[in-house]
Amino acid sequence: MFQGGLPAWLLQKPNIILRSADTDYLGAVSSWLAILLPKIKPWLYINGGNIITVQIENEYGSYFACDYNYMRHLRTLFRFFLGEDVVLFTTDGNTDKEMTCGTLDGLFATVDFGTDTNVTEAFNRQRRFEPQGPLVNSEFYTGWLDHWGDQHAVVSAQKVSRVLEEMLTMGANVNMYMFEGGTNFGYWNGADHDTSFRSVVTSYDYDAPLTEAGDPTEKLLAIRDVIKQFRDVPSGPMPPATPKFAYGFVRLQQVGNINSLLDTLSPFGPVQSKYPLTFEEMKQYYGYMLYRTTLPQDLSEPTPLISPLNGVHDRAYVSVNGVFQGLLQRDTILVMNVTGKQGDTLDILVENMGRVNFGSKINDYKGLLSNLILGKDILTDWKMYPLDIDGAISRGLPHSNSQKSIPSLQREPSTGPTLYMGTLQPNGLAWDTFLKLNEWTKGQIWINGVNLGRYWPARGPQQTLYVPGPLLSTSLPNNITLLELEGAPTHLLVLFMDRPQLNATAGKS
């Protein structure tokens with residue numbers, strides 16, 4: 001079974017209806033599957049490979065479109081490229097509506113659910129939509145994901161083992177989601193949107209039987225004890241956890257703010273437009289983009305900067321002449337005050353905090369989606385700088401001596417979007433570790449050019465970022481680069497620990 005996301009470039013078609021029989025969408029899907037599916041065919045079980053079944057859509061019944069023509073098109077493509085003998089299946093949530101919209105004749109219908117479900121009722125529902133074949137829970141939830149500001153999700157080993165035993169007693173087949181936790185490195189965390197936009201944290205530990213670092217848990221032992229009742233399993237102890245190391249504190253130093261590094265971070269310069277353009281129109285699909293204009297009049301008194309149509313997607317850091325003045329945030333902070341003089345430079349750094357990846361709001365455009373109003377003036381005449389921070393870091397910023405455009409390094413903290421750097425000296429070990437950013441506010445961090453993901457300890461619950469051992473050098477200095485978006489602590493320290501902290505009390509920052 002595989003699942004995947006949709007590329008953001010699809011949204012360059014402003015009226016596209018994703019996951020439907022929309023002509024533009026079907027064209028993209030057909031082109032992609034014409035390349036992907038022939039690569040899969042030799043690895044099918046019926047061809048001697050290890051792919052037993054192939055899922056053609058994921059929880060489509062949860063999506064508003066309920067477009068059977070789209071599902072028929074997928075069925076035709078998969079049959080054309082993979083043949084008539086492979087088992088194609090769907091999986092949907094445990095409701096009649098989801099099973100109705102997500103299933104189709106000729107596709108084996110499975111159901112998914114977690115530990116808070118009546119197992120008999122769920123499989124009876126699957127049977128109504130799929131009279132033949134095995135009972136299958138294709139996503140048995142062993143835990144759950146976290147959003148920034150949530151409490152850390154925990155599902156007890158007792159609940160998981162009890163429901164697993166009930167399903168196996170019925171002769172059902174179970175695929176665990178997740179069996180091993182993971183990490184949303186870089187910008188890949190994603191988001192949900194029900195009543196409001198909620199960004200997923202960097203860690204996808206998920207309270208899974210195997211942790212984010214791949215270590216066994218009591219939940220894994222409980223699951224093994226259940227499976228022993230139904231299948232022979234290897235005896236003996238579990239493999240031990242991989243070694244972890246607390247490398248200790250590293251002090252960072254300031255490199256410069258985004259404005260001072262703009263030539264390096266946006267080497268092709270700005271695009272000019274009377275009104276702001278979205279990330280998608282700028283082909284800047286992830287990360288950050290700087291919107292720049294000037295103040296149209298003197299603002300000696302604090303003057304409201306307003307996002308009247310909730311058009312900041314997702315979080316904007318506002319500076320005047322390089323001085324940080326505050327932020328706007330989707331759904332929650334739609335107005336802030338600005339002061340300055342006519343002609344002063346107004347910089348708005350917009351962060352894409354992750355694309356909505358479930359539900360009806362997956363057409364999730366980023367950037368400034370509508371005009372901003374300053375006092376009584378609609379702001380116009382924008383310069384937009386797409387920021388290639390990852391590319392600049394991969395080219396050596398800020399550690400390489402060849403980066404002559406870097407201002408002199410400072411040991412003092414700053415406010416507003418600012419880059420910092422430091423070095424973890426080698427000690428002969430390259431073991432897994434966890435990076436804690438105590439009193440740092442919000443941002444992004446890289447180790448040896450690899451984007452570990454986002455941090456936001458004040459919001460929580462996640463307090464540490466997982467650093468896989470293979471990212472570290474045993475003999476060369478390990479480069480740390482940090483983008484702090486709001487405000488750094490005076491100590492400028494980061495801490496490498498030998499254990500994660502994922503469950504701090506959620507804050508309101």
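This is a predicted model: local features need pLDDT of at least 70, side-chain atom pairs count only at pLDDT 80 or more; totals for chains, interfaces and linings use all residues.

Biologist: Why are helix 1 and helix 2 called roughly parallel?

Modeller: The axes of helix 1 (residues 23–40) and helix 2 (residues 68–82) cross at roughly 25° and come within 9 Å. Angles under 35 degrees count as roughly parallel, and helix 1 and helix 2 are therefore placed in that class. Their crossing is right-handed.

Biologist: Which residues make the contact of helix 1 with helix 2, and how many of them are nonpolar, polar and charged?

Modeller: Helix 1 contributes Tyr-25, Leu-26, Val-29, Ser-30, Leu-33, Ala-34, Leu-37, Pro-38 and Ile-40, while helix 2 contributes Tyr-70, His-73, Leu-74, Leu-77, Phe-78, Phe-81 and Leu-82. By class there are 14 nonpolar residues, two polar ones and no charged ones.

Biologist: How do you know whether helix 5 and helix 6 are roughly parallel or oblique?

Modeller: The axes of helix 5 and helix 6 cross at roughly 20° and come within 9 Å. With the limit for roughly parallel at under 35 degrees, helix 5 and helix 6 are therefore roughly parallel. Helix 5 passes helix 6 in a right-handed crossing. Among the residues in contact are Ala-157 and Glu-165 of helix 5, and Glu-218 and Lys-219 of helix 6. The contact divides into eight nonpolar, one polar and three charged residues.

Biologist: Why is the aromatic pair of Trp-144 and Tyr-206 called tilted?

Modeller: A pair of aromatic rings is described by the distance of the centres and the angle of the planes. Ring centres must lie within 6.5 Å to count as a pair, and those of Trp-144 and Tyr-206 are 6.2 Å apart. Planes under 30 degrees apart would be stacked and over 60 edge-to-face; at 45° between the planes, Trp-144 and Tyr-206 are tilted. By this rule the count comes to 20 aromatic pairs.

Biologist: What parts does the pair of Trp-144 and Tyr-206 tie together?

Modeller: Trp-144 is in the loop between strand 4 (136–141) and helix 5 (157–169), and Tyr-206 is in the loop between strand 9 (203–204) and helix 6 (218–228), so the pair ties together parts 62 residues apart in sequence.

Biologist: What does UniProt list for residues 276–388 and residues 417–474?

Modeller: The unreviewed entry lists "domain: Beta-galactosidase 1-like first all-beta" for residues 276–388. That span is 0% helix and 48% strand, and its end C-alpha atoms lie 19 Å apart. For residues 417–474 the unreviewed entry lists "domain: Beta-galactosidase galactose-binding". Here the chain is 0% helix and 45% strand, with the end C-alpha atoms 32 Å apart.

Biologist: Where does Phe-64 lie, and which residues does Phe-64 touch?

Modeller: Phe-64 lies in the loop between strand 1 (53–58) and helix 2. Not counting residues up to four places away in sequence, Phe-64 touches Ile-17 and Ser-360.

Conventions: Residues are numbered from 1 along each chain as its sequence is written. Side-chain values use heavy atoms; hydrogens and water are left out. Axes are lines fitted to C-alpha atoms, for helices over the stretch in contact, and angles run from 0 to 180 degrees between N-to-C directions. Helices (H or I, at least four residues) and strands (E, at least two) are DSSP runs, numbered from the N terminus. Angles under 35 degrees count as roughly parallel, over 145 as roughly antiparallel, 65 to 115 as roughly perpendicular and the rest as oblique. A crossing is left-handed if the near helix is turned anticlockwise from the far one by less than a right angle, and right-handed if clockwise. Contact means heavy atoms within 4.5 Å. Ala, Val, Leu, Ile, Met, Phe, Trp, Tyr, Cys and Pro count as nonpolar, Asp, Glu, Lys and Arg as charged, and the others, Gly among them, as polar. UniProt positions are given in the numbering used here, feature names are shortened, and annotations may be inferred rather than shown by experiment. Rings of Phe, Tyr and Trp (its six-membered ring) pair if their centres lie within 6.5 Å; planes under 30 degrees apart count as stacked, over 60 as edge-to-face and the rest as tilted.
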